[in-house]
Amino acid sequence: MHKPLLALLGILGLFGCNGKDSLPKIAIAGLAIESSTFSPAITEAEAFHPLTGEEIFDYYPFMAENTPQRNSAQWVPTLTGKALPGGTVSREAYDSLVNLTLEKLAANAPYDGLFFDIHGAMSVVGLDDPEGDFIEKIREVIGTETIISTCMDLHGNVSEKLAKNTDLITAYRLAPHEDAMESKQRAVDNLLDRLKSGKGKPKFKAWIPVPILLPGEKTSTRIEPGKSLYAKVEPLTRHEGVIDAAIWIGYAWADEPRNHAVVMVTGDDQQAVASAAEKLAESFWDVRDEFEFVAPTTTFEEAMEMALDNLRPPFMISDMGDNPTAGGAGDVTWTLNEILKSPEFKTEKGPSLIYASIPGPDFIEKAKAAGIGNIAEGMAGAAVDDRFAPPLKLKGKILAIKEGDRHAETEVVVQIGSVKVIVTEKRKPYHYEKDFTELDLNPRETDIVVVKIGYLVPELYEMRGNWVMALTPGGVDQDLERLGYKRIKRPMFPLDKDMPTPDLSARFIENSAN
């Protein structure tokens, strides 16, 4: 069991007998999105599906009624929002959500603590460091005495401003992020432990920028060197004087000065904190040349040749360049156009293929009017990102219509030859088997499944017969050298392969009160 939770459980009885008013008062706030500045898409406020008040508790299993965490504080849930990765957030959307959060925080101040739940890769029109700006604005409302504990995605970015204004900080240690909720709980447990023990803010925060910028598809913790690198994190947190440690890979598809890897360690023993941070930073730098894509990568043409020769369905192809879970617009039609013009799929007797997915409100409208079992014709895709291929005219038999999805809103399956295309009203990633089966599709018995994704999430990974990642065009192009960075700090590996060894010594960040 994690050491802060042990301390928390031991203290619960002490505080429980004194009544609710003796418990620390802790707010909850945060906004989370990955935003590609290389995508033409713009993200608006509704994409965050903001939660306010008591409904925020439902998102966190460890905050259910009568859990140790819930019972050990007076909680003030203000506003949280989590959007699918996408394009840059409009300034109006950012300001509206941030200002509403600040109003809710001001209405219930003061606080002993705040749980700040963010991703760390949000880009906003006209703003270089949104999370740094957000936490600075929060400090203006709640003051510098409140202890802020931040949890982030390991693909987020930690600027000096963010590092200064948070007190405790942690990040996921797995990619895919199977430990996301565990990490959020760790951030809360760390906060409760520091409040109830009376230790307060950590005495030291070590921050080390590491000039490496890699895509998540090369840094999965399923394989080496990411697996061994991240395995070094947790043991260091058990050292006396260390509270927590984290490695951020950073977010590769935004052209901003803060976008690079970072190591942070917090604790009360200066030497232990510095040593842990430097060990992680040096370990990361030492293996920089060893990162490879988590699966074979090739052109889409070669991927399709491999799929057609495959004997173990489903052969899965990751349509990586327009991956909506990395920040792609999700409506690039290039790959689907290549599939539909291929002679192999022209008749229903061809190899079975599922394509997931393409947004097409026009086609959705036509399909609903036609009904299941009938032929519909309409336009789909390239409403946002038409740089690589124009909108597609789809014509085929409607196999399924499903309404009410949180992201897609309406989903339609249309059969064109031997291809079953999932068309959505709004973009949606397809990560779970039920995403397919609820549309009467059986991916396990389909010859080829093409998904707009990078590395496969666990359910798809376990389902695959074989798998390849296709280097397709889009707003999250995996060939970073083609992106044309202009504003990131240089030199940066791997863009500058012969760069000198950087200074990876610990830099101590002052607390917001200093």
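What follows is a short chat about ring pairs and charges over rings in this predicted model.

Biologist: How many aromatic pairs does a search of the whole structure find?

Modeller: A pair of rings is described by the distance of the centres and the angle of the planes. Running the search over the whole structure gives a count of aromatic pairs of 12.

Biologist: Take Phe204 and Phe508: what kind of aromatic pair do they form?

Modeller: Their centres are 5.8 Å apart, with 70° between the planes. Planes over 60 degrees apart get their own label, so this pair is edge-to-face.

Biologist: And how many residues apart in sequence are the parts that this pair of Phe204 and Phe508 ties together?

Modeller: Phe204 belongs to strand S10 (residues 204–210), while Phe508 belongs to strand S22 (residues 507–508). The pair therefore links parts whose separation in sequence is 304 residues.

Biologist: Is Phe508 buried, partly exposed or exposed?

Modeller: Buried needs under 20% and exposed needs over 50%. Phe508 comes out at 34% relative accessibility, so it counts as partly exposed.

Biologist: What about Tyr430: buried or exposed?

Modeller: Tyr430 pairs with Phe436 in a tilted arrangement, 5.8 Å centre to centre and 55° between the planes. Phe436 has 0% relative accessibility and counts as buried. Tyr430 is also at 0%, so the label is buried.

Biologist: Which ring does the charged end of Lys25 sit over?

Modeller: The cut-off for a charge over a ring is within 6 Å of the ring centre. The charged end of Lys25 is 5.3 Å from the centre of the ring it sits over, that of Tyr111.

Note on methods: Residues numbered from 1 in each chain as written. Predicted model: local features only at pLDDT ≥ 70, side-chain atom pairs only at ≥ 80, totals over all residues. Heavy atoms only, no water. Phe/Tyr/Trp six-rings, centres within 6.5 Å; stacked < 30°, edge-to-face > 60°. Helix = DSSP H or I, 4+ residues; strand = E, 2+ residues; numbered from the N terminus. Buried < 20%, exposed > 50% of the residue type's maximum accessible area, 1.4 Å probe, protein only. Lys NZ or Arg CZ within 6 Å of the ring centre and 35° of its normal.
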